[in-house]
Amino acid sequence: MMPKRMLLILIALMTWSSIALASSRIKDLASVAGVRDNQLVGYGLVVGLNGSGDNTPFAEQSLISMLNKFGINVPPGVRTNSKNVAAVAVHASLPAFAGSGQLIDVTVSSLGNAKSLQGGTLLMTPLKGVDNQVYAIAQGNLVVGGMDASGRDGSRITINVPSVGRIPNGATVERSVNTGFDLGSTIVLNLHRADFTTATNVTSAINELLGEGSARALGGGSIEVMAPRIPDQRVSFLSVLENIEVEQGESAARVIVNSRTGTVVIGQTVRVSPAAVTHGGLVVRITEREEVVQPGAFAGGQAALQQNVDIEVEQQGDGRMFRFESGITLDSLVDAVNKVGAAPSDLVAILEALQKAGALRAQLMVI
């Protein structure tokens, strides 16, 4: 049993943690090693489609195999030619501590050339883990967000993705996964983002409350904590532990640029060294035109079409220059760029130029 002194300490921890002035709880910064979701996958058949099913050999083979299991023997070489069946992959995430009988959501995806799974029903499908053991059984009616419609003249319209659907609570857990949570005399907290400062702060906060030596950092991403051996006491212990609030270390200065969408995210700790920037917009116009070329009077031949391309480059705007002072912050950087009317794409170019000049005190990442 847990000593009474230990229980009093835990109660005190709960009170202290609720009034702490730190910014984040440990449960928001880290997860317990081994306590995680596990991926499940299976192969099944969706039936009841309105002529939008598969026309593939493996879907045909799966249907005949299923009929054979029910005692209906299809003669060799005979095809069912059913368009109401689709071969599908079924996958789900098995949450940690999910017990037998609990329900989980599943996602169903077409494997063949089915046009739509709308209106279909997934037949009983075993879901296996990476160890090839069955952990859940899925079955039920699909919810499909997309649609597909076509006409006899070949016209067709597709909205979203009709070949993928979900079944809320569509699988029943048959077997739980041993997380190893109740083994050993320690637990390991893995930070969601490795950071030496955060690891140090978490270790210090736990040691300050539980006593020196209760926790030790295993690196920038993990902290080992002494824990009770009895499982129910471990649950209470972690309930207290994960609600302790600690100071989170400042993240590294980064500027993230999404080259596809033009989204630019600038971290709060980004700074700029003194620099002067001249910004001017360049407009490039490319014009294509076709001209008829006539042969010479005595050259013979025939008239032909010739494609000509004109390229014009024009600079717009007044190309104003602005200057960054030393240690300028994010707000000042954005204000300075906005004053010259720079678009987000121009902002990326300015940031790249600042980094090349060594004036950007941050890591520029293009994703």
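The model is predicted, and local features are taken at pLDDT of at least 70, side-chain atom pairs count only at pLDDT 80 or more, and totals for chains, interfaces and linings use all residues. Residues are numbered from 1 along each chain as its sequence is written, and side-chain values use heavy atoms, with hydrogens and water left out.

Let us begin with the whole chain. Of its 367 residues, 35% are buried. Here, buried means under 20% relative accessible area, exposed means over 50%, and partly exposed lies in between, with a 1.4 Å probe and protein chains only.

Next, look inside. A nonpolar core is a set of buried Ala, Val, Leu, Ile, Met, Phe, Trp, Tyr and Cys residues joined through side-chain atoms within 4.5 Å. The largest such core holds 24 residues, and Val-108, Leu-117, Leu-122 and Leu-127 touch the most other members. Two or more residues come from each of strand 3, strand 4 (86-94), strand 5 (103-110), strand 6, strand 7 (134-141) and strand 10 (164-173). Strand 4 gives the largest share, five residues. To see how Leu-117 sits among its surroundings, set aside its neighbours within four places in sequence: its contacts then include Leu-49, Val-88, Val-108, Leu-142 and Val-164. A second, separate core has 23 residues, among them Leu-29, Leu-189, Ala-215 and Ala-227.

Which residues of helix 5 are buried? They are Gln-233, Arg-234, Phe-237, Leu-238, Val-240 and Leu-241. These residues lie on the same side of helix 5 because they cover an arc of only 155° around the axis, where the arc is that of the directions from the helix axis to the C-beta atoms.

Now for the empty spaces. Rolling a probe the size of a water molecule over the atoms shows where empty space is left. On a 1 Å grid over the protein atoms alone, using a 1.4 Å probe, a pocket is an open set of points with protein on both sides within 12 Å along at least five of seven lines, and lining residues have an atom within 4 Å of a point. Grid points are joined across faces, edges and corners, and a volume is the space filled by probe spheres set on the points.

The largest pocket contains about 410 Å³ of space. It is lined by 13 residues, with Leu-45, Met-66, Lys-69, Leu-123 and Met-124 closest to its centre. Strand 3 (38-47), helix 3 (57-69) and strand 6 (121-128) each give two or more residues to this lining. By type, the lining has seven nonpolar, five polar and one charged residue; Ala, Val, Leu, Ile, Met, Phe, Trp, Tyr, Cys and Pro count as nonpolar, Asp, Glu, Lys and Arg as charged, and the others, Gly among them, as polar.

The second largest pocket has a volume of about 250 Å³. Among its 13 lining residues, Val-32, Val-35, Phe-181, Leu-238 and Glu-242 lie nearest its centre. Helix 2 (26-29), strand 2 (30-32) and helix 5 (231-241) each supply two or more residues to the lining, which divides into nine nonpolar, two polar and two charged.

Finally, meet some single residues. Thr-56 belongs to the loop between strand 3 and helix 3, yet Thr-56 is buried, at 11% relative accessible area. Beyond its neighbours within four places in sequence, Thr-56 is in contact with Gly-112 and Asn-113.

Ser-214 also has a place in a loop, between helix 4 (196-210) and strand 12 (215-217), and counts as buried at 12% relative accessibility. Leaving out residues up to four places away, Ser-214 touches Asn-207, Glu-224, Val-225 and Met-226.

Two asparagines have a positive phi. For Asn-132, phi is near 70°; this residue is in the loop between strand 6 and strand 7 and is exposed, at 51% relative accessibility. For Asn-169, phi is near 55°; Asn-169 lies in strand 10 and is partly exposed, at 47%.

How values were computed: Helices (H or I, at least four residues) and strands (E, at least two) are DSSP runs, numbered from the N terminus. Contact means heavy atoms within 4.5 Å.
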